[in-house]
Amino acid sequence: MRILDDLLSAVDFSTPVKDIRQGVFHTGVLTRHCGLAATLPKDALKQEGPLVKNPGFLLEMTAEELAGLSCSESILEAAMGMACINSLLTVEMDRCVELNAGDLILEKGNGKNVAIVGHFPFLSKVREKTRQLWVIEKNPQEGDVGESEADRLIPRADVVAITGTALTNHTLDHLLSLCDPAAYVVILGDSVPLSPVLFDYHVDAVSGTRVMDAEIALRCVSQGANYRQINGVKRLTMFKP
């Protein structure tokens with residue numbers, strides 16, 4: 001998990017943990033800022049309990065301890081850790097543009113072979129424009145392929161888009177190692193940190209979420225919001241220089 005180690009080494013932990021919310025679909029943490037991550041309930045419920053150690057007492061942890069949960073084998077704890085990392089980041093807003101990841105993938109993948117790790121709402125539009133689209137999923141839906149196909153398909157793709165939850169389940173290092181050096185690589189979703197650290201790992205663009213109104217965003221998380229239902233946020237993309 002070299003990428004997680006580098007992300008953790010790049011953040012400033014000198015701030016208290018103020019709030020933690022773990023909803024069905026998303027997790028929110030409030031420290032210096034507010035950060036989000038996907039909760040991944042299908043994957044979490046496959047694990048043996050207890051899924052979270054010391055629930056009710058997590059606000060007693062330091063920011064460094066909470067962020068360190070990103071390395072936990074427990075999906076729910078790792079989601080809290082990723083949300084904490086995102087809450088600690090001071091995003092370089094002048095390096096970001098408001099751009100939907102789906103639109104970027106459409107632009108870069110037009111007429112090309114595209115591999116997308118994760119099932120996203122924009123897939124039907126992408127499928128119309130690409131030469132070949134492979135959707136690789138831990139929990140495959142109709143038209144998807146299972147995660148076991150990643151090693152075979154990702155090296156064949158001209159454009160690769162990887163869900164930020166690959167950080168939470170600790171598969172990102174391996175998935176990036178499969179990419180052709182000439183491929184255009186995007187990491188997307190509210191779990192992915194808007195951090196230039198990722199550009200050191202053959203990533204060309206990072207499409208994530210910046211919380212602008214913590215109170216509203218955390219309320220949505222607590223009340224079971226899915227990604228599109230979370231208010232008080234901006235969807236931003238940062239490009240490799």
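Reply:
**Cavity linings and beyond**

Eight residues line the second largest cavity: M1, L4, A166, L167, H170, T171, L172 and D173. Two elements each give two or more residues to that lining, α8 (165-168) and α9 (172-177); helices here are DSSP runs of H or I with at least four residues, strands are runs of E with at least two, and both are numbered from the N terminus. A cavity is a set of points on a 1 Å grid, laid over the protein atoms alone, where a 1.4 Å probe fits but cannot get out, and lining residues have an atom within 4 Å of a point.

Before going on, please keep in mind that this is a predicted model, in which local features need pLDDT of at least 70 and side-chain atom pairs count only at pLDDT 80 or more, while totals for chains, interfaces and linings use all residues. Numbering starts from 1 along each chain as its sequence is written, and side-chain values use heavy atoms, with hydrogens and water left out.

The second largest cavity holds about 30 Å³, a volume being the space filled by probe spheres set on the grid points, which are joined across faces, edges and corners. Its lining has 5 nonpolar, 2 polar and 1 charged residues. In this sorting, Ala, Val, Leu, Ile, Met, Phe, Trp, Tyr, Cys and Pro are nonpolar, Asp, Glu, Lys and Arg are charged, and the others, Gly among them, are polar.

Among the residues lining the largest cavity are C34, G35, N86, D190, T209 and R210. At least two residues of that lining come from each of β3 (34-38) and β10. By class, the largest cavity is lined by 6 nonpolar, 3 polar and 2 charged residues.

Strand β10 (residues 205-211) pairs with β9 in the parallel sense over 3 bridges, where pairing requires at least two DSSP bridges between the strands. V186 has A205 in β10 as its bridge partner. Strand β8 (residues 159-163) also runs parallel to β9, joined by 5 bridges, and I162 in this pairing stands opposite I187 of β9. In β9 (residues 184-188), 5 of 5 residues are buried; buried means under 20% relative accessible area, exposed over 50%, and partly exposed in between, with a 1.4 Å probe and protein chains only. Y184, V186 and L188 point one way from β9, and V185 and I187 the other.

The model holds 9 salt bridges, each a side-chain nitrogen of Lys or Arg within 4 Å of a carboxyl oxygen of Asp or Glu. One of them joins R131 and D158, with their closest N and O atoms 3.4 Å apart. This pair ties together distant parts of the chain, 27 residues apart: R131 sits in the loop between α6 (123-129) and β6 (132-137), and D158 in the loop between α7 (150-153) and β8. R131 is exposed at 55% relative accessible area, while D158 is partly exposed at 31%. Another salt bridge links E149 to R152, at 2.4 Å between the closest N and O atoms.

Definitions and conventions. On a 1 Å grid over the protein atoms alone, a cavity is a set of points where a 1.4 Å probe fits but cannot get out, and a pocket is an open set with protein on both sides within 12 Å along at least five of seven lines; lining residues have an atom within 4 Å of a point.
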